[in-house]
Structures are given as structure tokens and as C-alpha cells.
Amino acid sequence: MQKMVELRRKLPVAAFRAEILEKIRSCKALVVSGATGSGKSTQVPQFLLEEEAIIKGNKEVSIVCT
């Protein structure tokens, strides 16, 4: 588990976590653009899940990534 956390922190998108979450709170939709392998399609949904389900305790979370 610790190794996975370390790998996630090394992805470029990790540096933008706070900014992405802030923008999501204030927008109906958000487009995240980045290079292949930057973590945008794997980590952004994870940020949302952690924020809503784990931190806020929201039991009904729907995340769509295209």
C-alpha cells in the first residue's frame, strides 16, 4: 500500500490535486488536460473518491471518466 501511495505522489497530476478539487467544487464540469501517463484518468477520479467518500463520508458517489 505504501509503495502505491509513493507512486501516486510521483505522477504529475498529484501537484494539482488541491487546484483540481477547488475547481470541481466551483464548476458544473471540468476538463483536465495533460500528457499521456500524467495520472489524469486514474488519479483525478481517485481524488474525487477520497474527497467525497472518505473525507466527507458521502456513501453515494458517482464518478465518470471519459
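A pocket, as the word is used here, is an open set of grid points with protein on both sides within 12 Å along at least five of seven lines, and its lining residues have an atom within 4 Å of a point. Keep in mind as you click around that this is a predicted model.

**Stop one: the largest pocket.** Select I24, L30, V44, L48 and V64: of the 23 residues that line the largest pocket, these lie nearest its centre. The space in there comes to about 500 Å³. Now colour the lining by class, and you'll get 14 nonpolar, six charged and three polar residues.

Which helix supplies the largest share of this lining? Show α3, which brings seven residues.

**Stop two: L48.** Zoom in on L48, which sits in helix α3 (residues 40-55). Leave aside residues up to four places away in sequence, and you'll find L48 touching L21, I24, A53 and I63. Next, pick V61, 13 residues away from L48 along the chain; the C-alpha atoms of the two are 8.8 Å apart.

**Stop three: the second largest pocket.** Head over to the second largest pocket, with a volume of about 170 Å³. Select V13, F16, I20, V32 and S33, the closest to its centre among the 13 residues that line this pocket. Colour by class again: seven lining residues are nonpolar, three polar and three charged.

Notes. Residues are numbered from 1 along each chain as its sequence is written. This is a predicted model: local features need pLDDT of at least 70, side-chain atom pairs count only at pLDDT 80 or more; totals for chains, interfaces and linings use all residues. Side-chain values use heavy atoms; hydrogens and water are left out. Helices (H or I, at least four residues) and strands (E, at least two) are DSSP runs, numbered from the N terminus. Contact means heavy atoms within 4.5 Å. On a 1 Å grid over the protein atoms alone, a cavity is a set of points where a 1.4 Å probe fits but cannot get out, and a pocket is an open set with protein on both sides within 12 Å along at least five of seven lines; lining residues have an atom within 4 Å of a point. Grid points are joined across faces, edges and corners, and a volume is the space filled by probe spheres set on the points. Ala, Val, Leu, Ile, Met, Phe, Trp, Tyr, Cys and Pro count as nonpolar, Asp, Glu, Lys and Arg as charged, and the others, Gly among them, as polar.
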